[in-house]
Amino acid sequence: MPDRGTSNDSSGSDKSGDRAEGGIDRRRFIATTAAVGVAGVAGCSESSDGGDTTEPSDDETEEPTEEETTEAETTEEPEPAASGEVTFVHDTHVHGSYGDLEGNVNVATYFQLMNQVADEHEHSIKLGSGDDLASSVLSAQFDGKHITDAFNAGGLEFDTFGNHDFDMGPAVTRDRISDSEFQWVSANVRDTESGDVFGAEQGASRYELVEVGDLTVGLTGIINVAAPTITSMGENTEVPGLADPVSETVSDMQDDGADLVVVMSHVAAQAATELAEQVDGIDAIVGDHAATFSEEPQVVNDTVLSFVGDEYEYIGELTLTVEEGERSDHSLTVHETAAAVEEDGLEPHPEVLEVAQGYEEDLSAQLDTVIGETTVPLDARESVVREEESNLGNYITDALRAQGGTDVAIQNGGGIRTDTLYPEGDVTKRLVYSLLPFGNNLVTVEVSGETLTETMEHSASQNDDGGFLQVSGMSYTVDPDASQGDRLTELTVGGEEVDPEATYTMATNNFTATGGDGYTMLQDAPRIIDANEGQLLSVIVANAVEADGTISPEVEGRISIE
């Protein structure tokens with residue numbers, strides 16, 4: 001593993017501190033000795049007895065002494081520019097999953113391949129790209145610790161934040177930073193109270209400098225700018241754009257001596273391309289929020305962009321070559337995990353496999369028990385829960401409304417996962433946790449009829465987005481062809497038209513209640529039960545199934561599409 005350099009805060013201050021601690025900064029030292037040499041030459045014009053100086057003779061001005069010439073030339077000679085080669089083995093983006101531990105593509109075979117590729121090079125660094133801690137059944141049960149433990153065992157060296165790394169809330173993310181033996185870095189996730197990078201107290205940094213052979217590599221990361229809207233980053237965490245924080249960070253890394261600058265990316269490929277166009281000095285961007293895959297890297301504004309999908313299918317091997325301070329070449333090889341197992345006999349990483357099997361055994365003991373049965377198929381398909389009424393959405397919101405004792409309940413379709421139509425039969429706790437993996441808690445609020453109408457108008461404008469709402473205790477009608485802002489054509493609560501002046505109680509989850517998916521109208525709604533008091537949604541629904549024993553949810557006309 002390369003030697004890790006200095007950890008840097010978001011202000012970029014005290015950049016010479018670590019150099020000065022070990023001695024005078026080399027660049028400053030050269031300038032100082034050159035100045036001393038000139039002063040020494042000038043001093044030769046004084047008389048040896050300290051009397052008045054006299055004009056030098058022609059002989060004295062024609063040629064400096066050999067000693068003076070050598071000293072001046074030596075002190076002014078610049079350091080030779082660095083040359084070398086570094087391979088970046090990337091990336092992660094595993095969504096809290098281990099993959100199929102019984103199959104060929106999983107966390108253990110992936111890390112074995114990652115380490116095998118890294119070991120083939122004299123100088124290599126193993127990188128992640130975020131979205132690692134969640135969302136999965138394991139994440140809901142273990143708050144992402146199952147991932148940091150596996151990554152520690154596999155020897156990942158650097159990672160950055162993706163939006164799903166905040167699905168369990170900022171406190172959990174900070175705990176996982178503390179657990180990590182690898183380094184978290186981010187140029188654009190900030191703590192608004194300290195002004196520092198998020199998680200600085202737990203060990204995260206804005207960037208890192210790594211000495212790799214004769215080269216200094218600067219590493220940072222980026223998150224998608226929509227993250228505060230689509231996950232639970234907390235009120236004291238912000239993402240102040242993309243180009244400006246990255247430009248500042250790149251400049252700081254270069255000032256600190258970086259010969260190469262690499263950005264671990266959790267933004268979509270198009271956004272990464274635009275970033276490369278806008279910011280000079282980035283040598284490579286690796287990773288992608290939208291799971292783009294390409295066997296050939298793009299080059300934009302002299303920035304190499306490498307995208308190898310998500311989860312455990314592929315590993316990128318990106319090599320950058322530097323000659324005399326300038327990047328002169330690059331190459332990318334994409335490795336397929338399944339092929340490495342099937343064709344090359346790749347074995348699972350033993351320590352990673354042991355960690356993963358241990359967590360899976362714990363999970364099975366807790367979740368693989370039947371808690372009820374359904375007499376009808378349960379519809380969790382994205383095309384349904386994000387666009388129209390779902391019988392499963394009805395059951396979930398009914399459970400939330402009953403638990404909260406409220407007039408109505410809402411659940412964002414994007415919070416119902418798996419994209420599967422489940423047949424009638426047994427319902428296990430594992431199934432419920434798979435459907436509701438985000439670790440969100442129940443929140444109940446008071447809203448006016450006007451705010452409720454605004455909320456449902458926002459849902460009507462979401463189309464197939466994750467913000468489309470499943471509901472309980474009310475019905476609404478959507479005209480998708482109408483102008484945005486006029487798509488809600490009817491809204492009733494308990495069969496009665498909504499009164500703008502009336503007050504209604506609402507059950508939802510903490511993500512939506514704090515403005516997630518754009519529901520900002522709920523942020524300041526008075527709380528009856530806040531997130532610290534509310535139960536986990538998956539627990540509420542699992543308890544409801546267990547209490548009912550047999551469930552038969554139906555589509556009832558709660559949501560009508562004109």
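How do strand β7 and β8 pair, and over how many bridges? Strand β7 (residues 207-212) and β8 pair in the antiparallel sense, over five bridges. Strands here are DSSP runs (E, at least two residues), helices are DSSP runs too (H or I, at least four residues), and both are numbered from the N terminus. Two strands pair if DSSP finds at least two bridges between them.

This is a predicted model, in which local features need pLDDT of at least 70 and side-chain atom pairs count only at pLDDT 80 or more, while totals for chains, interfaces and linings use all residues. Residues are numbered from 1 along each chain as its sequence is written, and side-chain values use heavy atoms, with hydrogens and water left out.

The protein chain holds 19 helices and 29 strands. Buried residues make up 51% of its 562 residues. Buried means under 20% relative accessible area, exposed means over 50%, and partly exposed lies in between (1.4 Å probe, protein chains only). Take the contacts in the protein chain between residues at least 6 apart in sequence: 76% join residues at least 24 apart. Contact means heavy atoms within 4.5 Å.

Return to β8. In its hairpin with β7, two residues lie between the strands, and Gly213 takes a positive phi near 60°. Val212 has Leu215 as its bridge partner in β8. Strand β8 (residues 215-223) is mostly covered, with nine of its nine residues buried. Leu215, Val217, Leu219, Gly221 and Ile223 point one way. Thr216, Gly218, Thr220 and Ile222 point the other way. Strand β8 also runs parallel to strand β10 (residues 260-266), joined by seven bridges. There, the bridge partner of Ile223 is His266.

Not counting residues up to four places away in sequence, Ile223 touches Phe161, Gly162, Asn163, Phe166, Asn188, Val189, Met233, Val239, Leu242, His266 and Val267. The largest nonpolar core has 48 residues, and Tyr98, Val107, Phe161 and Ile223 touch the most other members. A nonpolar core is a set of buried Ala, Val, Leu, Ile, Met, Phe, Trp, Tyr and Cys residues joined through side-chain atoms within 4.5 Å. Helices α5, α6 (137-142), α7 (145-154), α8 (170-179), α12 and α13 (350-367) each supply at least two residues of this core. Helix α5 gives the most, with eight residues.

Ala150 sits in helix α7. Ala150 is buried, with a relative accessible area of 0%. Leaving aside neighbours within four places in sequence, Ala150 is in contact with Tyr98, Val107, Val352 and Val355. Tyr359 is 209 residues from Ala150 along the chain, yet their C-alpha atoms are separated by 9.8 Å.

Now follow α5 to α12. The axes of helix α5 (residues 107-119) and helix α12 (residues 337-344) come within 9 Å and cross at roughly 85°. Axes are lines fitted to C-alpha atoms, for helices over the stretch in contact, and angles run from 0 to 180 degrees between N-to-C directions. The two helices are therefore roughly perpendicular to each other. Angles of 65 to 115 degrees count as roughly perpendicular, under 35 as roughly parallel, over 145 as roughly antiparallel, and the rest as oblique. Thr109, Tyr110 and Leu113 in α5 meet Thr337, Ala340 and Val341 in α12. By class, this contact of α5 with α12 has four nonpolar, two polar and no charged residues. Ala, Val, Leu, Ile, Met, Phe, Trp, Tyr, Cys and Pro count as nonpolar, Asp, Glu, Lys and Arg as charged, and the others, Gly among them, as polar. The buried residues of α12 are Thr337, Ala338, Ala339, Ala340 and Val341. Their cover includes α5, β14 (314-323) and β15 (326-336). Just after α12, Gly345 takes a positive phi of about 70°.

The contact of α15 with α19 has nine nonpolar, one polar and one charged residues.

Finally, look at an open sheet of four strands, in the order β25-β24-β23-β29 with mixed pairing. Its edge strands, β25 (496-497) and β29 (559-561), each pair on one side only. Strand β23 (residues 474-478) and strand β24 (residues 488-493) pair in the antiparallel sense over five bridges. Helix α17 (residues 449-460) packs on the sheet and touches β23 and β24.
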